[in-house]
Amino acid sequence: MTDQREEGGADVDEGRHIAQRREKLAAWRAATASYPNDFRPNAQAAVLLERFASATEDALAAVETVRLAGRLMTKRIMGRASFCHIQDGSGQIQIFLERAALSEDYEAFKRWDLGDIMAVSGSLFRTKAGELSLRAQDVRLLAKNLRPLPEKFHGLTDQEIRYRKRYLDLIMNPATRLVFKRREQIISHIRGFLKERGFSEVETPMMQPLAGGAAARPFITHHNALDIPLYLRIAPELYLKRLIVGGFDRVFEINRNFRNEGLSTRHNPEFTMVEFYQAYADYRELMDLTETLLKGLCQEVLGSTTLTYQGQSYDFGQPFVRMSIEDAIHHYHPDAHFDLRNVTALKAFLTEKGLPVESGLEAGGLQMTIFEKTIETQLLAPTFITAYPAEVSPLARRCDADPFVTDRFEFFVGGREIANGFSELNDPEDQAQRFRAQVERRGSGDEEAMHYDADYVEALEYGMPPTAGEGIGIDRLVMLFTDAPSIRDVILFPQMRPQGS
């Protein structure tokens, strides 16, 4: 018996195997029309395994001819009969092949290599070991694999190769395919949740004349015909709010944003967000909406309201914690016995804690330094943090009762931010003043500060109804729901440094 399951192991001379496979390809081309495209499967492996898991032999015999296509993953040659497994987009199934039934096709099959794409037609049966299998009546080669697959039993374990060659990762690691199936499920649930509540899905520009809607460094490109710079968007916010002005009372967009930032386990320069805006609503209603969304998502995707991430359990079934920025500082720093809006006291506290004191920051910015450097990572249970300072919230509506802060929240779980939302600033004069403050910060060297968007201010001057809006990071959400330690694990083709650099 010949077992080729270990082909492609660490000790294999890859160059020699590639040369041998190219010779087989040449022989295939000479013998017949290679790379045919006339086979159509009528079933998938995982569907068959589930549907006929407990079927009797009589029930299996009554099934019409099954046609499958997929990648040859294992191959055991045993003289006049052989077994193999093929893998399609749903999973793997075993194939039983006999020389008596296949004749010359059987001899051709013996020359095929692991990784080849093959077609098989036949009938279902159950082996003596009880494994549902397909008895081949016809087999064909559809596409030739010229490079040996990674070692089968250990899968593809090199993390960098998994990211750089995601196609190999998907071939060799079923768990990776499940991550992206779950990603699809999460996005589908969010889309359905919003549509059920009357939100219209829209598309806004990915290239914009001004980078706005968030505090971040943009990617810059150039439009040759117009001879103007353009920015890959850092957020769709200002365009979505233009639509609110235009009469779309509920809108959302699921799409890419681009931020010229570093690479880390939580940051990729190209990432996916859902942003949604609702007229005649405030930030409290969006917190309620978000809590309902995430509890339902947890139940649908995991079948439970308890989520486990990196060994820590989080209960989405309980009411989410809600506290303001200042309450959070007092809670996590009981020694902060001073006025949290006193700049001198805040600077002294930061210095005492060994934290940076950035020049030009007022009380709100200094509060955020304390929060971001010492508190965020401690927010493990699902938590809404509210009442962000106006100084760091240039697009959010000021709180009527306390203009120092805005009607804004961020949602945290597992020590990381997942969502950001607020009652929108719809006062054009206030917005113009905040844009001017942002321009001053840019002039002082803050490359993440916003531009003055005169067209957006003009849109507000036509009147935007009271509105609340929110953005949720899809990639971080998928990380949470798939127990992925790095954002690269949930992006099919994450950004990587060039090899050798």
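Which residue forms a salt bridge with K144, and how far apart are the closest N and O atoms?

Reply: That would be D113: in this predicted model, its salt bridge with K144 has the closest N and O atoms 2.5 Å apart. The two residues are 31 apart in the chain, so to speak from distant parts of it: K144 belongs to the loop between β6 (132–143) and α6 (159–164), while D113 belongs to the loop between α5 (104–111) and β5 (117–126). Are they buried or exposed? K144 and D113 are both buried.

D116 is buried, as is K144.

For contrast, take a pair inside a helix. E291 and K295 sit four residues apart in helix α10 (residues 283–302), about one turn of the helix. Their salt bridge has the closest N and O atoms 3.2 Å apart. Why does E291 count as buried? Because its relative accessibility is 10%, and the cut-off for buried is under 20%. K295 comes out as partly exposed because its relative accessibility is 23%. In total, the structure holds 31 salt bridges.

Now the sheets. Eight strands make up an open sheet with mixed pairing, in the order β7-β11-β12-β19-β18-β17-β16-β15. At its edges are β7 (200–201) and β15 (321–324), each of which pairs on one side only.

Why is β17 largely enclosed by the rest of the structure? Because six of its six residues are buried. In a regular strand, side chains alternate between the two faces of the sheet. For β17, both faces are covered: R408, E410 and F412 are buried on one side, and F409, F411 and V413 are buried on the other.

What does β17 pair with? One partner is strand β16 (residues 383–386), which pairs with β17 in the antiparallel sense over four bridges. Within that pairing, F384 has F411 of β17 as its bridge partner. The other one to follow is β18, joined to β17 by six bridges and running antiparallel to it. Here E410 has N420 of β18 as its bridge partner. β17 and β18 form a hairpin with two residues between them, and G414 in the turn has a positive phi of about 65°.

Strand β18 (residues 416–423) and strand β19 (residues 467–473) run antiparallel and are joined by five bridges. The bridge partner of N420 in β19 is G471.

Helix α9 (residues 237–245) lies across β11 (250–258), β12 (270–279), β18 and β19, and runs at about 25° to β12. Helix α16 (residues 474–482) packs on the sheet as well, touching β12, β17 (408–413), β18 and β19, with its direction at about 55° to that of β19.

α16 also meets another helix. The axes of α16 and helix α8 (residues 174–196) come within 10 Å and cross at roughly 120°, which means α8 is oblique to α16. Their crossing is right-handed. On the α8 side, the contact is made by V179, R182, R183, I186, I187 and I190, and on the α16 side by I474, D475, L477, V478, F481 and T482.

One more sheet before you go. Three strands form an open antiparallel sheet in the order β8-β10-β9. β8 (207–208) and β9 (219–223) stand at the edges with a single partner strand each, so one side of each has no neighbour in the sheet. β8 pairs with strand β10 (residues 228–232) in the antiparallel sense over two bridges, and Q208 has Y231 of β10 as its bridge partner.

Terms used: Residues are numbered from 1 along each chain as its sequence is written. This is a predicted model: local features need pLDDT of at least 70, side-chain atom pairs count only at pLDDT 80 or more; totals for chains, interfaces and linings use all residues. Side-chain values use heavy atoms; hydrogens and water are left out. A salt bridge is a side-chain nitrogen of Lys or Arg within 4 Å of a carboxyl oxygen of Asp or Glu. Buried means under 20% relative accessible area, exposed over 50%, partly exposed in between (1.4 Å probe, protein chains only). Two strands pair if DSSP finds at least two bridges between them. Contact means heavy atoms within 4.5 Å. Axes are lines fitted to C-alpha atoms, for helices over the stretch in contact, and angles run from 0 to 180 degrees between N-to-C directions. Angles under 35 degrees count as roughly parallel, over 145 as roughly antiparallel, 65 to 115 as roughly perpendicular and the rest as oblique. A crossing is left-handed if the near helix is turned anticlockwise from the far one by less than a right angle, and right-handed if clockwise.
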